[in-house]
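Here is a friendly briefing to read alongside the coordinates.

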Amino acid sequence: MKLNRALALAALIAVVLVGGRWLPGWAQSLMILALGKGLVVLGLLLLMRCGLVSFGQGLYYALGAYAAVSMTRIAGLPETLLSSDAVVMPLAGGLVAGVIAFVLGVLLAAYRGIFFAMLSLAFSMILYGLLIKSSLLGSSDGFNIAFTSAAGFPLPAGSHLYALFVVTVVLVALALYGTHRFLRSHTGRLGPAIRDNELRVEYMGASVRRLVHLNYVLAAVLSGIGGGLVALSIRHIDPDLAYWTTSGEFVFVAILSGTGNVIAPFLGSLVFEWIKSIAYQYTPYTWQLVLGTAMLLVIMFLPSGLWSLFTRRRKGA
Amino acid sequence: MAGLVSVLIDGIVYSSYLFIIAVGLTLIYGVMKILNMAHGSLYALGAYVAATLVGAWFNGGLNPYGSFALLALSAIAVGLVAGPLIERGLLRFMYGKDEIVLVLVTYSVFLILEDVITLIWGVESYSAYQPYGLLGNIDLGGLPYTVYDVLLVIVAILVGVALTLVLTRTRHGKLLLAVIHDREVSAAMGINVGRVYFVTFTLGTMLAALGGALIAPKVSVVPAMGVEVIVLAFAVVVIGGLGSLPGAALGAVIVGLVRSAAVHYWPEVELFSIYLVMALVLIARPRGLFSTAEARKI
């Protein structure tokens, strides 16, 4: 069974990779966007399993997008792999996000509920304020970014989009596998226990604070990588990536997907981006109205997210 | 010296309007344990209604001083329409859910209201500048300020004093405090908790709309105003301590002064100075300055 699943997943990745070659450009872009944002939502899933909702994941999303190029710019370095490689840039973004999250996590790990949400929101707004005033990083306009190689291999003209698509699918598959293993591990299983009752977890001899800290850092790393991928796909970054409404959108997708399975965030994200692209086209001014109504319906009738549709049916059968 | 005085006065004027918005947010949280994300949209709604009514009033050539009554009237109207609609139509089905779920519910309301506002008023900006200059200028510390700004401060103080008096001196206020203290025991003692919630939410909505209506003559009314103000109001109430009335006042003064000092002396940090202060306060006192200890639940 286990082997079958692994094979099925490998086959799925192969099909997506090969099939992606024939997808039209807009569909490839949409997939990259959805998968990249799905990584951020996957991070939120880790936190939500611990009973925490962060209204500030935009902080790490933006850090992931800005990190690689900003480091080059601030240090005044010439163009290297760090500022032009489709694999190195998102990973560097994830690393920077993880380091910052480790520092902020020391503080945040002591907070729960709305205070966790508000403090994480404050941190993301601080970054927003910093970015919008820093002329070196393009202030409120941001700047364009580009990549010329993937994993060190220079890319011929016209192959950039598909190359990024492959990089995204591979990174997401690795993140999925890693997160899946983490959730099955002893440490990962303690997450829902924290949500249910912190004190009992403490009595069992585990440090809740350390567990929350760990989940927080992991969530940030995933968001950072996601932000890096999305930035490369849009080819432009601006401070709005760190604004609180961006973080709110991630929370929305997380609620929509539910915390039932590591695949759920990506399905949720794909559905979300797809509906968004359609809604933007036809009803640009009622898009948020649709969003808000959908979220209310999900909260009221599907409190465990869209994923519960699958599990419910399976139980019934 | 003149610089310092103007920092203080600008800060106080800004705090008074922040206070009016934040006090509604903190009231709703204190009583209902709902951190109302839609508060910013209700504030924007108040501003739009006020701008429209004041515009029509001056186009009609009516007595200009009547426009002040109109500002208050639009706040009351928004409160009486939107408040009951949201509370009776949606929130009452959500009571008893987790605090964070309620945040998400009001976030949905926020998203819906943002688009409703754009649908009604479109995306262009409105302004109701007339009342702002109507009362002329006053000289404070060698700098001219509009009398309207001074009135804003007085209105904020009046709102704060009135709320404190109602809460501590009247029967209804005491019932409200009882509900804040313990919802279940209050219900068992025969307090109609549903009605207390209803009145609180309507009052909170009115205060949000009042903030919007009072700021409408000072700024141009644009779609993004609710999005910006809600995180500011959060900062104010979180600094002061969620659910605390004096906390909202202190938080508003701190945020107002920090912002005006930043604007005057170091404009680059204007945007994030407030959140920096909020983060620092939360680090030092995790539940805000005026918070009370809470028992750990097992």
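In chain B, Gly40(B), Ser41(B), Ala44(B), Leu45(B) and Tyr48(B) of H2(B) meet Phe110(B), Leu113(B), Glu114(B), Ile117(B) and Trp121(B) of H4(B). Two residues are in contact here if their C-beta atoms, placed from the backbone, lie within 7 Å. By class, the residues of this H2(B)–H4(B) contact divide into 7 nonpolar, 2 polar and 1 charged. Ala, Val, Leu, Ile, Met, Phe, Trp, Tyr, Cys and Pro count as nonpolar, Asp, Glu, Lys and Arg as charged, and the others, Gly among them, as polar.

Please keep in mind that this is a predicted model, in which local features need pLDDT of at least 70 and side-chain atom pairs count only at pLDDT 80 or more, while totals for chains, interfaces and linings use all residues. Residues are numbered from 1 along each chain as its sequence is written, and chains are lettered from A and ligands numbered from 1 in the order in which they are written.

**Helix packing in chain B**

- Helices (H or I, at least four residues) and strands (E, at least two) are DSSP runs, numbered from the N terminus.
- The axes of H2(B) and helix H4 (residues 99-121) of chain B come within 9 Å and cross at roughly 20 degrees; axes are lines fitted to C-alpha atoms, for helices over the stretch in contact, and angles run from 0 to 180 degrees between N-to-C directions.
- H2(B) and H4(B) are therefore roughly parallel to each other, given that angles under 35 degrees count as roughly parallel, over 145 as roughly antiparallel, 65 to 115 as roughly perpendicular and the rest as oblique.
- The H2(B)–H4(B) crossing is left-handed; a crossing has that hand if the near helix is turned anticlockwise from the far one by less than a right angle, and is right-handed if clockwise.
- Helix H2 (residues 39-59) of chain B also packs with helix H10 (residues 225-240) of chain B, at an angle of about 130 degrees and with the axes 7 Å apart.
- That angle makes H2(B) oblique to H10(B), and the crossing of this pair is right-handed.
- On the H2(B) side, the contact is made by His39(B), Gly40(B), Ser41(B), Tyr43(B), Ala44(B) and Ala47(B), and on the H10(B) side by Met225(B), Gly226(B), Val227(B), Val229(B), Ile230(B) and Ala233(B).
- Sorted by class, the contact of H2(B) with H10(B) has 8 nonpolar, 4 polar and no charged residues.

**Helix packing in chain A**

- Helix H2 (residues 25-49) and helix H9 (residues 208-234) of chain A pack at an angle of about 170 degrees, with their axes 8 Å apart.
- H2(A) and H9(A) are therefore roughly antiparallel to each other.
- The contact of H2(A) with H9(A) has 16 nonpolar, 7 polar and 1 charged residues.

**Where the chains meet**

- In this model, 36 residues of chain A are in contact with 34 residues of chain B.
- Helix H5 (113-133), helix H10 (244-257) and helix H12 (287-301) of chain A each supply at least two residues of the side that touches chain B.
- H5(A) gives the largest share of that side, 16 residues.
- The side of chain A that touches chain B has 27 nonpolar, 8 polar and 1 charged residues.

**Core and buried positions**

- The largest nonpolar core has 200 residues, of which Ala122(A), Ala22(B), Ala47(B), Ala235(B), Val236(B) and Met278(B) touch the most other members.
- Such a core is a set of buried Ala, Val, Leu, Ile, Met, Phe, Trp, Tyr and Cys residues joined through C-beta atoms within 7 Å.
- Leaving aside neighbours within four places in sequence, Met278(B) is in contact with Ala122(A), Ala235(B), Val238(B) and Ile239(B).
- Ile215(B) lies in helix H9 (residues 193-215) of chain B and counts as buried, with 22 C-beta neighbours inside 10 Å.
- A residue is buried if 20 or more other C-beta atoms lie within 10 Å of its own, exposed if 12 or fewer, and partly exposed in between, with C-beta atoms placed from the backbone.
- Beyond four places in sequence, Ile215(B) is in contact with Tyr17(B) and Ala47(B).

**Positive phi in loops**

- Arg235(A) is not a glycine, yet has a positive phi of about 65 degrees; with 12 C-beta neighbours inside 10 Å, Arg235(A) counts as exposed.
- Lys33(B), also not a glycine, has a positive phi of about 60 degrees and lies in the loop between helix H1 (2-32) and H2 of chain B.
- Lys33(B) counts as partly exposed, with 17 C-beta neighbours inside 10 Å.
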